[in-house]
Amino acid sequence: MATYDLRQKTNASTGQKVVPSQEEIRVQNLENKVNLQSEKLDKIVKLLDGISKEKSTT
Amino acid sequence: MATYNVTGVGGTTGHPSNGRTPYLVENTIDVSAVNGDSGAAQNDVLQAMDIPAETVIMEAGIEVITACSSSVTLDLGITGGDVDIYTDGDTNATGYSTLTATARHVAAAADTLDVLVLSAASSAGKIRVWAIMCDVSGINESDQNTSTQHDTAV
């Protein structure tokens, strides 16, 4: 008799996973979208800053 | 015999919806890939998942995705405790194991939920172990559970 630890991912197991509820998945998706929008806004702000600096030097 | 109401504040308003909730944990195990692809020997223990301390396993079972070798039966439970508390001698036909009627397990200390391979060795089979767990640890156990903290005589 042997004992095999399969709690983590191995070639014989996916590893234990907590299955999220539908609500948690929705919240996670929403969080991802907000993060994406936030990154886009950061880029726009950087571009505007660049334009503003260019104008001030000219 | 007397009945004392020590349920505290709240009365009949019910429990809040934002209280602790049970959660589902699963682990899919390829029995044929255990022990360097040799498979599991008879009486081998497959540790499937962690049980955190002060957690009740409300229900747990095995879904046989691919049948194990002929004659193999499967138990699901606590090694060193009740080894077949959730599944007892499942005949490893594809589908969900029959749930036992035994009282559910509360892990006072951290433990593991294990599959026990019985009756024969298995060089085949894929199973999904699932469990619905809930944290039942108390809050304010040390500073609230004294008589001086209570304000209603019963």
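Reply: Start with one residue. B:Thr87 lies in strand E5 (residues 87-90) of chain B. Helices (H or I, at least four residues) and strands (E, at least two) are DSSP runs, numbered from the N terminus. Residues are numbered from 1 along each chain as its sequence is written, chains are lettered from A and ligands numbered from 1 in the order in which they are written. This is a predicted model: local features need pLDDT of at least 70, side-chain atom pairs count only at pLDDT 80 or more, and totals for chains, interfaces and linings use all residues.

Me: Is B:Thr87 buried or exposed?

Reply: Count C-beta atoms, placed from the backbone: 20 or more others within 10 Å means buried, 12 or fewer means exposed, and in between is partly exposed. B:Thr87 counts as buried because it has 23 C-beta neighbours inside 10 Å.

Me: Which residues is B:Thr87 in contact with, leaving aside neighbours within four places in sequence?

Reply: Contact means that two C-beta atoms, placed from the backbone, lie within 7 Å. For B:Thr87 the list is B:Gly61, B:Ile62, B:Leu74, B:Asp75, B:Leu76, B:Ser97 and B:Thr100. Compare a pair by C-alpha atoms: B:Thr87 and B:Ala101 are 14 residues apart in sequence and 9.5 Å apart in space.

Me: What does chain B look like as a whole?

Reply: Chain B has 1 helix and 9 strands. From the N terminus, its elements run β-α-β-β-β-β-β-β-β-β. Of its 154 residues, 32% are buried. Take the contacts in chain B between residues at least 6 apart in sequence: 78% of them join residues at least 24 apart.

Me: Which strands make up the open sheet, and in what order?

Reply: Two strands pair if DSSP finds at least two bridges between them. Here an open sheet of 5 strands has the order E1(A)-E2(B)-E8(B)-E4(B)-E5(B), with mixed pairing. E1 of chain A and E5 of chain B are the edge strands, each pairing on one side only. From one strand to the next, the twist averages 20°. Such angles run from 0 to 180 degrees between N-to-C directions, with axes as lines fitted to C-alpha atoms, for helices over the stretch in contact.

Me: How do the strands around E8(B) pair?

Reply: E2(B) and E8(B) run antiparallel, joined by 6 bridges. B:Val45 stands opposite B:Leu116, and B:Gln47 stands opposite B:Asp114. E4(B) also pairs with E8(B) in the antiparallel sense, over 5 bridges. There B:Thr73 is opposite B:Leu118. E8(B) is mostly covered, with 7 of its 8 residues buried.

Me: Where does chain A join the sheet?

Reply: Strand E1 (residues 3-5) of chain A runs parallel to E2(B), with 3 bridges between them. A:Asp5 stands opposite B:Gln47.

Me: How many residues are in contact between the two chains?

Reply: 21 residues of chain B are in contact with 16 residues of chain A. On the chain B side, strand E1 (23-30), helix H1 (34-37) and strand E2 (45-51) each supply at least two residues. E1(B) gives the most, with 8 residues.

Me: What is in the largest nonpolar core?

Reply: A nonpolar core is a set of buried Ala, Val, Leu, Ile, Met, Phe, Trp, Tyr and Cys residues joined through C-beta atoms within 7 Å. The largest has 33 residues, of which B:Leu46, B:Val115 and B:Val129 touch the most other members.

Me: Which backbone angles deserve a look?

Reply: Most residues other than glycine have a negative phi. B:Asp37, in helix H1 of chain B, has a positive phi near 65°. B:Asp37 counts as exposed because it has 11 C-beta neighbours inside 10 Å. B:Asn92 also has a positive phi, near 60°. B:Asn92 sits in the loop between E5 and strand E6 (95-96) of chain B, and is buried, with 27 other C-beta atoms within 10 Å.
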